[in-house]
Amino acid sequence: MANVVDFTDVNKACPKDSFPLPRIDLLVDSTAGHELLSFMDAYSGYNQIRMSPADEEHTSFMTDQGTYCYKVMPFGLKNAGATYQRLVNKMFEKQIGRNMEVYVDDMLVKSRVTGDHIRDTKRRLGCSAKD
């Protein structure tokens, strides 16, 4: 039987993070005039954000083998989406609106000219252009 962690009480106790998510209609409109688009899903990105050690105990859960807690941000927390959006906005602040758009864990690299797309994608992902 799979264990399910219920964050209902933790989510009730936490204030809502009002960090705004991007408007989908504006993201779609921003792709007009681009010849090539690459869509990427960073679905495991949530598992890359470390929990504050002081908050780990609030994510504790019990199994037959013992009591555990999350050391990385679990998806079920109320502010996980806002936290992740804030992080990717900071990571890609120079690219968002130019050659990249991000909605939580969905990322889009856009190129006005098809021939520039490989270079643009490598730059967005932090690779050197000659790789």
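Select Tyr-84 to begin: at 4% relative accessibility, this residue counts as buried, where buried means under 20% relative accessible area, exposed over 50% and partly exposed in between, with a 1.4 Å probe and protein chains only. Tyr-46 belongs to the loop between strand 1 and helix 3 (53-56), and Tyr-84 to helix 4, so that the pair links distant parts of the chain, 38 residues apart. Helices (H or I, at least four residues) and strands (E, at least two) are DSSP runs, numbered from the N terminus.

The model is predicted: local features need pLDDT of at least 70 and side-chain atom pairs count only at pLDDT 80 or more, whereas totals for chains, interfaces and linings use all residues. Residues are numbered from 1 along each chain as its sequence is written, and side-chain values use heavy atoms, with hydrogens and water left out.

Phe-7 lies in the segment before helix 1 and Tyr-70 in the loop between strand 3 (66-68) and helix 4, 63 residues apart. Phe-7 is buried, with a relative accessible area of 7%, while Tyr-70 is partly exposed at 26%.

Now turn to strand 5 (106-111). Five of its six residues are buried, so strand 5 is largely enclosed by the rest of the structure. Strand 1 runs antiparallel to strand 5 and is joined to it by six bridges; two strands pair if DSSP finds at least two bridges between them. Within this pairing, Phe-39 stands opposite Leu-108 in strand 5. Strand 4 is also antiparallel to strand 5, with four bridges, and Met-100 stands opposite Val-109. Select Val-104 to find the turn of the hairpin formed by strand 4 and strand 5: two residues lie between the strands, and Val-104 has a positive phi of about 50°.

Stay in this region for the second largest pocket, which has about 180 Å³ of space. Its lining includes Phe-39, Tyr-103 and Leu-108, and divides into nine nonpolar, one polar and two charged residues. A pocket is an open set of points on a 1 Å grid over the protein atoms alone, where a 1.4 Å probe fits, with protein on both sides within 12 Å along at least five of seven lines; lining residues have an atom within 4 Å of a point.

Finally, select Cys-14, Met-51, Asp-55, Leu-77 and Asn-79, the closest to the centre of the largest pocket among its 16 lining residues. The volume of the largest pocket is about 310 Å³, meaning the space filled by probe spheres set on the grid points, which are joined across faces, edges and corners. Helix 1 (8-13) and helix 4 (80-91) each give two or more residues to the lining of the largest pocket.

Methods: Nonpolar A, V, L, I, M, F, W, Y, C, P; charged D, E, K, R; others polar.
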